[in-house]
Amino acid sequence: MNIILFGPPGAGKGTQSKYLVNKLNAFQISTGDLLREEIKKNSDIGKAITNDMKNGKFISDNIVNKLIENLISDPQKKNKLIFDGYPRSLSQAKNLEVLLKNSNQSIDLILFLNVDKEIILKRLEKRKIIENRSDDDSHTIVKRYEKYMETTQPVLNFYSENPNFKEIDGSLEIEEITRKIDTFINV
């Protein structure tokens, strides 16, 4: 089962993705984790990512698409993918369809965790303290949230027409969100 889980930064995608990975014996594709790994390596891509993040920008589709292409084409991960925060743009969504089609796969479920900006700000400020995440200062959070909503609206429109699309109130407690997801995956 391939699932897309998306929503604004701080919506709880990572928490729910980890749950789905364990429940479905699947593999998480987290663009955030992939990007942080490149930063940790201090590669040229990592340096470009750091610069963009500091300026509240999203990373270019080319970089992100390249990072996930190898994961999608891995035969061990076939039909066991949980996309955490990807796709973020319409071009990424269209690229994902091509990559999946080329590997004879499809998306079984699309989950959108919808959360308003004030709740996101509170969550990310708390996460910054707990996880010591440098990308979670309030100025950057606001820029990322606004850019996310602007960039992702076409993705939301693209997927909302799909019969597998489900919107979940991301301001609910973690356990309530998990219960809603369980009703959709029917496992």
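How many helices and strands make up the secondary structure of this protein? There are eight helices and five strands, and the model they come from is a predicted one. Starting at the N terminus, the elements follow the order β-α-β-α-α-α-β-α-β-α-α-β-α. The radius of gyration is 16 Å, close to the 16 Å that the globule rule gives for 187 residues, so the protein is as compact as a globular protein of that length. Welcome to the tour; the points below go from the whole chain to single residues.

**Overall build**

- Taken along the principal axes, the box filled by the C-alpha atoms is roughly 40 × 35 × 30 Å.
- Buried residues account for 42% of the 187 in the protein.
- If we look at contacts between residues at least 6 apart in sequence, 75% of them join residues at least 24 apart.
- The protein has an accessible surface of about 10000 Å², and carbon and sulfur atoms supply 49% of that area.

**Charges and salt bridges**

- On the charged side, the protein carries 29 positive and 27 negative side chains. The centres of these two sets lie 3 Å apart.
- Side chains of opposite charge can pair when their charged atoms come close.
- Which residue does Asp182 meet in a salt bridge? Its partner is Lys23, with 3.9 Å between the closest N and O atoms.
- Glu146 is partly exposed with a relative accessible area of 40%, and Lys117 is partly exposed at 26% relative accessibility.
- Lys147 and Glu150 also meet in a salt bridge, at 3.9 Å from N to O. Both residues lie within helix α7, three residues apart, which is about one turn of the helix.
- In this pair, Lys147 counts as partly exposed at 34% relative accessibility, while Glu150 is exposed, with a relative accessible area of 57%.

**A lysine in helix α6**

- Lys122 is placed in helix α6. Is this residue buried or exposed? Lys122 counts as exposed, because its relative accessibility of 62% is over the 50% cut-off.
- Lys122 and Ser138 are 16 residues apart along the chain, and their C-alpha atoms are separated by 9.2 Å.

**The loop between β3 and α5**

- Gly85 lies in the loop that runs between β3 (81–84) and α5 (90–102).
- Why does Gly85 count as buried? Its relative accessible area is 4%, and buried means under 20%, so Gly85 qualifies.
- Not counting residues up to four places away in sequence, Gly85 touches Leu5, Lys13 and Thr31.
- Gly85 and Leu5 are 80 residues apart in sequence, yet 6.1 Å separates them in space, C-alpha to C-alpha.
- The loop between β3 and α5 is also the place of Pro87. The peptide bond from Tyr86 to Pro87 is cis, with omega near 5 degrees.

**Backbone angles worth a look**

- Most residues other than glycine have a negative phi, and most peptide bonds are trans.
- Asn25 has a positive phi, near 50 degrees, in a residue other than glycine. Where is Asn25 placed? You can find Asn25 in the loop between α1 and β2 (27–30), where it counts as exposed at 57% relative accessibility.
- Asn104 also has a positive phi, near 55 degrees. Its place is in the loop between α5 and β4 (109–114), and Asn104 is exposed, with a relative accessible area of 62%.

Technical notes. Residues are numbered from 1 along each chain as its sequence is written. This is a predicted model: local features need pLDDT of at least 70, side-chain atom pairs count only at pLDDT 80 or more; totals for chains, interfaces and linings use all residues. Side-chain values use heavy atoms; hydrogens and water are left out. Helices (H or I, at least four residues) and strands (E, at least two) are DSSP runs, numbered from the N terminus. The radius of gyration is taken over C-alpha atoms; the globule rule is 2.2 Å times the number of residues to the power 0.38. Buried means under 20% relative accessible area, exposed over 50%, partly exposed in between (1.4 Å probe, protein chains only). Contact means heavy atoms within 4.5 Å. Accessible areas come from the Shrake-Rupley method with a 1.4 Å probe; for residues, only the protein chains shown count as cover. Lys and Arg count as positive and Asp and Glu as negative; His and the chain ends are not counted. The place of a charge is taken as NZ of Lys, CZ of Arg, CG of Asp or CD of Glu. A salt bridge is a side-chain nitrogen of Lys or Arg within 4 Å of a carboxyl oxygen of Asp or Glu.
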